[in-house]
Amino acid sequence: MLKTHTCGELSHDCVGQVVTLAGWVHRRRDHGGLTFVDLRDRWGLIQVVSDPEYAEAHETMSGLRAEYVIQVSGNVRGRPDGASNPDMVSGDIELVAQHVKILNVSKTPPFDINKVSKVEEGLRQKYRYLDLRRSNMLANLSLRHKTISFIRDHLSQSGFLEVETPMLFKTTPEGARDYLVPSRLHRGKFYALPQSPQQLKQLLMVAGIERYFQIARCFRDEDQRGDRQPEFTQLDMEMSFVEQEDVLQTIEILITELVANLTEMKFQQTPWPRFSSEEVLNRFGTDKPDLRFGVELQDVTELVVESELKIFSSAETVKGINAEGCGNYSRKQIDSLTDFVKQYGAGGLAWAVVGDDGNVSRSSFRKYVDENTMHALKKKMQAKPGDLLLLVASDVDVVHDSLAALRVKIGEKIGVYDTNLLACCWVIDFPLFNWNERENRWDPSHHLFTAPLTEDIGHLDTDPGRVRGSQYDMVCNGYEMAGGSIRIHDSALQQQIFDLIGLDKNVALERFGHMLEAFEYGTPPHGGIAVGIDRLVMLLAQEKNIREVIAFPKSQQATDLMVGAPSTADVDQLNELHISITDSTSSKIE
RNA sequence: GGUCCCGUGGUGUAGCGGUUUAACAUGCUGCCCUGUCAAGGCAGAGAUCGCGGGUUCGAAUCCCGUCGGGACCGCCA
């Protein structure tokens, strides 16, 4: 080893020891006759000071520059009186440089590594290896490691077996778009990278593993969001002989202990509250509500249906939120909220400001509704002086989508919640099917193997829309953190579901024949869940984008700005894969 | 596929039709400096304003296109 200690492990106890350290020049303070260098490695920072007594080392020290890689040997000593630095972990000691060796020089980095400053995202990604040297990124990677490590330990102790599943898998038309991998040996055929190990973990249950987990990389070729990357990591789990309650408990205990062990964060409520999907939809307009603040949706359809205003009287649903204390919003601010909800398909935003006297002082619709209606509206929405009421009238989906987004926007402004708070909840009792208007059929709302709730099985034939699935989502601070279900393990029931969604037998056999066949060999009742690791670590690190907790993320256009992927391939490679590239102009012509 | 925001010395920003020779901070280079820790002082180098086109007597500034980054809708559990 080129070092005897790390920069982070030296303390006042080491005073008097002769040590050798190696790392990067974090910062240099050159006083001419005396030079200080903060030496950085993975584990910490320590001040190295040159002593003119060691002339050669002193000379080398003054020639150092930021990010040079050096090796320093010398005596650890306590700093002189008044010279210690309380902001530094090793602030009461320093290393006297007796021998300094430059192991490597560095160009001036394209951005500051030794301070937390804004840097353009593209630049950070291009020089990711430098970005990762910055303290907050190192902290995030470290937290990620600890999270995964904790999960592995915890689940191993609970009898779970970690099993790896293949990355070269089979394409499935359901769900997200697959990343395809062309086969060299089989002309015209493709593997697909797994969207998740869903089928394989069920097959592991057939295999008798009983308790499986995997820190699994998943791939989905869909457009990016702050919490979505083309490849991401899930804690994938599956258990046999369990009921829904067992899965929920397993995760709740795991996450609770993880948070307690690794962070200072607190849960808003324990045990985590549970809501039906219907309830959260009605109260928050979304199935992933941020529960750190109130501002719930109020249904005022009945109150305004008689109004002269056509947007109210003709709407399927009218709901609103009370933006408490936002009565001072200017017309311009309100207009920007209107533009905001239009993104979600809303025609506009009806609004009313409650004045100091408790009456509506400004409103976009006051002249179209009578006093009684306005009064009822205020009462229903618990409006106080200084509040701003915001209403959306449209079909129920648009109302929910737009108000859910508006609620979060308002909540961020007025919520003033503790950033150390985790508001986790379970959302359960999802409908098993959604009616697909365009195709005129029922679609599974989760996936094909989700079991219906036992008490709802009777409705399968008569009223599929009423059937709830044994499906559950774990939601935290407005993010979907985990989702799973109890699976169907009965061939007859599985066939009934296939029939119901109109999946042709031959098609089912072609796509899922391996599953159906496996299920005929003594499949145990089983269920599972998958936790989004990137999102989890993002929340624990209090970041707003999962890029911040991924070492080498993709850009919004799904490119890697550091290595320049995707890239073209040699003609020879393409030929081997039996691929020819079509002219982009010809495929664009309608 | 769509909407919106951003692009100015290495970095982060200001300037948003004409006293701009493009400003400020930081970084960088050199010199001075023995107790600093975002060290300090002095001096200096460094951007034709992402790219292309247009409007104009005049464009970093206005318009169109394009490229790149980001946020979001669609998409995606």
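A: The second largest pocket has a volume of about 700 Å³ (the space filled by probe spheres set on grid points joined across faces, edges and corners). It is lined by 19 residues, of which Tyr179, Leu180, Ala565, Pro566 and Ser567 are the closest to its centre. A pocket here is an open set of points on a 1 Å grid over the protein atoms alone, where a 1.4 Å probe fits and protein lies on both sides within 12 Å along at least five of seven lines; lining residues have an atom within 4 Å of a point.

This is a predicted model: local features need pLDDT of at least 70, side-chain atom pairs count only at pLDDT 80 or more, totals for chains, interfaces and linings use all residues, and side-chain values use heavy atoms without hydrogens or water. Residues are numbered from 1 along each chain as written, with chains lettered from A and ligands numbered from 1 in written order.

Strand β7 (residues 180-182) gives the largest share of the pocket lining, three residues. Helices (H or I, at least four residues) and strands (E, at least two) are DSSP runs, numbered from the N terminus.

Back to Pro566, beside the pocket centre. The peptide bond from Ala565 to Pro566 is cis, with omega near 0°. Most peptide bonds are trans. Pro566 sits in the loop between α16 (533-540) and α17 (571-576). Another cis bond runs from Thr270 to Pro271, with omega near -15°. Pro271 is in the loop from β11 (266-267) to β12.

Strands pair if DSSP finds at least two bridges between them. Seven bridges link β10 (residues 231-240) to β24 (residues 526-532) in the antiparallel sense. Leu235 has Val531 of β24 as its bridge partner.

Now β23 (residues 479-486). Six of its eight residues are buried, so the rest of the structure largely encloses it. Buried means under 20% relative accessible area, exposed over 50%, partly exposed in between (1.4 Å probe, protein chains only). β23 pairs with β24 in the antiparallel sense over five bridges. One of the residue pairs is Ile486 with Gly527. On the other strand, β22 (residues 471-476), six bridges join it antiparallel to β23. Val475 there has Glu480 as its bridge partner.

β22 and β23 form a hairpin with two residues between them. In its turn, Asn477 has a positive phi of about 50°. Asn477 counts as buried because its relative accessibility is 6%. Glu67 also carries a positive phi, about 75°, although it is not a glycine. Its place is the loop between α1 and β4 (69-78). Glu67 counts as buried at 3% relative accessibility.
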